[in-house]
Amino acid sequence: MKMKRDYPIVQITQKGKKYLQSGHSWVYEGEVLELSEAIEDGALVDVLCQKTYLGTGFYNSHSKIRVRLVSRNANDTFDEAFWMRRAKYAIDYRKTVMPDDDFKCCRLVHGQADDFPGLTIDRFNTILSVQIACLGMDLIKDIILNAFYTILKEMGEDIQGIYLRNDLSVRKLEGLKEEKGWYEKIEHPNQTKVEIVENGISYLVDVENGQKTGFFLDQKYNRKAISRISKDKEVLDCFTHTGSFGLNAAKGKARHVTSVDISSTAIEMAKENAKRNHIENISFEVCDVFQLLTDLYNQKKHPYDFIILDPPAFTKSRNTIKNATSGYKEINYKAMKILPRGGYLATCSCSHFMSDENFRKMLKEAAKDANVTLRQIEARQQACDHPISWNEEESDYLKFYIFQVC
């Protein structure tokens, strides 16, 4: 180290050292050998292996992840200026990769991939929706949120409020309580709904009650890819949620789109989104997608020539990958059988536990069983405002493929 350090020290194993030096940013409880002193949860600590400095991060004895690194530079000091620089770096990246109107509706912070462990900030036009799943980050949230708010306002961006969507069960693992509500240290509007525009389609986002932070932003450009090939097609949009894929297909001049979801609340929101955009070549149904695909498969008819599969994450742990793979294979196999030869299939998985290798293997097996050939049109991932850090495998989670089924 190049300068005297005043942070407590966490000594870790050689195995932990190799893990960090390979690029990962977490120290697990099993890799901790000793502490230099009693450490308050949420405090910054230096991580060492013998005399080798490996980084500085937030410590938490409640979590299996004992330390989440925020820096590997021994000369960093973690004052307001440090976090202001880091916030500006994240914002500048989005201004580059999400220019013009896209910047008004994008993810500003994607957790560890932006060196903000456990932090998500999504911008929905005039509102920032924030989730914090790291105790150390929660303790300095005033500094962090002020940095983003100040930088955006100085850029001339119209930010009217910050909403905290901290209703995350994983917060309990950090010793944090679940909560949600306006961040009261800046002014905010008196209602939690805000209009956004994505790919030319208007949506009403409810940052208080919507999924995750209010709306799924990661599929933005995948939806645009769907729109490009939907013209004159009869489209079945499965697991539509609030209708975004179906609306993009309809806007792409599909002959007709049928959007389905098991949630009646989601379907009502999808209907409202269609009305908002004066889109009429789309209809909505509340139904179990698995049952619908089974019924269509048994009928041996081909009423659709484009099927979109955007299911929720079937697995949230490595222990359930086998069952999840079966679920993915079932819906993809039946979709391939329902489609006519030359039809189109868009399919995805949003679970990082389902690796791209396993997802591709599943698709090959489903195609073999269905006696079809998949002609790949595009292989896509999450939008670039959800950056994939090659050092953080958890940041690489969305697999998205478009095929012609031959």
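Author: In this predicted model, Asp218 is buried and yet has no salt bridge, for the nearest side chain of opposite charge, that of Arg223, is 5.2 Å away. Buried here means under 20% relative accessible area, with exposed standing for over 50% and partly exposed for what lies in between, computed with a 1.4 Å probe on protein chains only. A salt bridge is a side-chain nitrogen of Lys or Arg within 4 Å of a carboxyl oxygen of Asp or Glu, and in judging charge Lys and Arg count as positive, Asp and Glu as negative, while His and the chain ends are not counted.

Residues are numbered from 1 along each chain as its sequence is written, and side-chain values use heavy atoms, with hydrogens and water left out. Because the model is predicted, local features need pLDDT of at least 70 and side-chain atom pairs count only at pLDDT 80 or more, whereas totals for chains, interfaces and linings use all residues.

Asp218 sits in the loop that runs between strand S13 (201-206) and helix H5 (220-228), where helices (H or I, at least four residues) and strands (E, at least two) are DSSP runs numbered from the N terminus. Its side chain makes a polar contact with the side chain of Tyr397, at 2.7 Å; such a contact is a pair of N or O atoms within 3.5 Å, of which, within protein, one must be able to donate a hydrogen and the other to accept it, and residues adjacent in sequence count only if both atoms are side-chain atoms. Once neighbours within four places in sequence are left aside, Asp218 is in contact with Gln382, Ala383, His386, Tyr397 and Leu398, contact meaning heavy atoms within 4.5 Å.

Arg171 is joined to Glu179, their closest N and O atoms being 3.7 Å apart; Arg171 is buried, with a relative accessible area of 1%, while Glu179 is partly exposed at 30%. These two residues also belong to a network of salt bridges that links Asp138, Lys141, Arg171 and Glu179. Another salt bridge brings together the side chains of Lys329 and Asp369, at 2.8 Å from N to O. Lys329 lies in helix H9 (residues 321-338) and Asp369 in helix H10 (residues 356-370), so this pair ties together parts that are 40 residues apart in sequence. Both partners are partly exposed, Lys329 with a relative accessible area of 25% and Asp369 with 44%. The side chains of Arg380 and Glu378 likewise meet in a salt bridge, at 2.7 Å from N to O, and Arg380 is partly exposed at 22%.

Residues up to four places away in sequence not being counted, Cys134 touches Phe58, Arg68, Pro117, Gly118, Glu174 and Leu176. From Cys134 to Gly42 the separation is 92 residues in sequence and 8.2 Å in space, C-alpha to C-alpha. Cys134 is also among the residues that line the largest cavity, together with others including Phe58, Arg68 and Glu174. A cavity is a set of points, on a 1 Å grid over the protein atoms alone, where a 1.4 Å probe fits but cannot get out, and its lining residues have an atom within 4 Å of a point. The volume of the largest cavity is about 30 Å³, taken as the space filled by probe spheres set on the points, which are joined across faces, edges and corners. Strands S5 (52-59) and S6 (65-71) each supply at least two residues of its lining, and the largest share, four residues, comes from S6.

Seven of the eight residues of H6 are buried, so H6 is largely enclosed by the rest of the structure. In the loop between strand S14 (234-238) and helix H6 (244-251) lies His241, which is partly exposed at 24% and has a positive phi near 55°. Just after H6, Lys253 takes a positive phi of about 70°.

Definitions and conventions: 1 Å grid on protein atoms, 1.4 Å probe; cavity = no way out; pocket = protein on both sides within 12 Å on 5 of 7 lines; lining within 4 Å.
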